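Dear colleague,

Please find the structure below, handed over for your own work. My notes on salt bridges, aromatic rings and selected residues follow it.

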Amino acid sequence: MDNKLTIKKAKHRDTNTLAKLGRHTFTDTYAGKIPKHALKRYVLQHFNPKVIAGALREKKSGFSIAYIGGKPAGYSKINVSRNVQGKKDPRCSELEKLYVLKEFQGKGIGNALLKKFENAAKKRGNTFVWLGIWKKNKRAISFYKRHGYAEFSSRIFTIGKIRQKDPLFKKIF
């Protein structure tokens, strides 16, 4: 089997692939950690093809899909010049999502997607990048810290009736 890693910019034709990746990776990450009904509702609302197609049309956002041997393995979503703590800041980009399917974790896909995001941000002239992480996702927190990200603030993330305060991390170039 070909295990070559390739990363491609997602296009409209990738809508269903992104929706499927989003549903699977989000469910794998949060199953058993939040109520099943809240998880199901969130996934149906945020990872359906109509929502993904709309996100693909946004000019200040973009998706990348990682493939291993031609099979979708993970994805990322970025937002350019995204508001940070309610303030528009053209010097930054947000990494809104970076997920890898369980079967492909530990193969460098997350590293490659993160590097692609950071390099694109530097080319745009960004001086820093930021992201939010679920406070109980210790694996993700450790991953970003290893890559030079530091906690700088927090935000409220709501899923169903659950409101949680999650940390925000940034990396300065």
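**Salt bridges and their surroundings**

E96 and K97 join their side chains in a salt bridge, with N and O 3.6 Å apart; the term requires a side-chain nitrogen of Lys or Arg within 4 Å of a carboxyl oxygen of Asp or Glu. Please note that this is a predicted model, in which local features need pLDDT of at least 70 and side-chain atom pairs count only at pLDDT 80 or more, while totals for chains, interfaces and linings use all residues. Residues are numbered from 1 along each chain as its sequence is written, and side-chain values use heavy atoms, with hydrogens and water left out.

E96 is partly exposed at 29% relative accessibility, whereas K97 is buried at 15%. Here buried means under 20% relative accessible area, exposed over 50%, and partly exposed in between, with a 1.4 Å probe and protein chains only. A network of salt bridges links K77, E96 and K97. K77 belongs to strand β3, residues 71-80; helices (H or I, at least four residues) and strands (E, at least two) are DSSP runs, numbered from the N terminus. K77 is buried, its relative accessible area being 7%. Beyond its neighbours within four places in sequence, K77 has contacts that include A55, E58, F63, E94 and L95, where contact means heavy atoms within 4.5 Å.

The salt bridges number five by this rule. One of them joins E103 to K71, with the closest N and O atoms 3.1 Å apart. E103 lies in the loop between β4 (92-100) and α4 and K71 in strand β3, so this pair ties together parts that are 32 residues apart in sequence. K71 is partly exposed, at a relative accessible area of 42%.

Among the buried residues of α4 are I109, L113, F117 and A121. Just after α4, G125 has a positive phi of about 90°.

E118 is buried as well, at 9% relative accessibility. The side chain of E118 forms a salt bridge with that of K171 (3.3 Å, N to O). Since K171 lies in strand β7 and E118 in helix α4, the pair ties together parts that are 53 residues apart in sequence.

I172 is also in strand β7, residues 162-172, and is exposed, with a relative accessible area of 59%. Not counting residues up to four places away in sequence, I172 touches T127 and F128. I172 and N126 are 46 residues apart in sequence and 9.0 Å apart in space, C-alpha to C-alpha.

**Aromatic rings**

The count of aromatic pairs comes to eleven, where rings of Phe, Tyr and Trp (its six-membered ring) pair if their centres lie within 6.5 Å, and planes under 30 degrees apart count as stacked, over 60 as edge-to-face and the rest as tilted. The ring centres of F26 and Y30 are 4.4 Å apart and their planes stand at 40°, so the pair is tilted. These two residues, F26 and Y30, are four residues apart in helix α1 (residues 15-30), a separation of about one helical turn. Both F26 and Y30 are buried. Ring pairs link F26, Y30, Y42, F47, F63, Y75, Y99, W134 and F157 into a cluster.

The charged end of K170 sits over the ring of F128, 5.1 Å from its centre; the rule asks for NZ of Lys or CZ of Arg within 6 Å of the ring centre and within 35 degrees of the ring normal. K170 also lies over the face of F152, at 5.1 Å from the ring centre.

With kind regards
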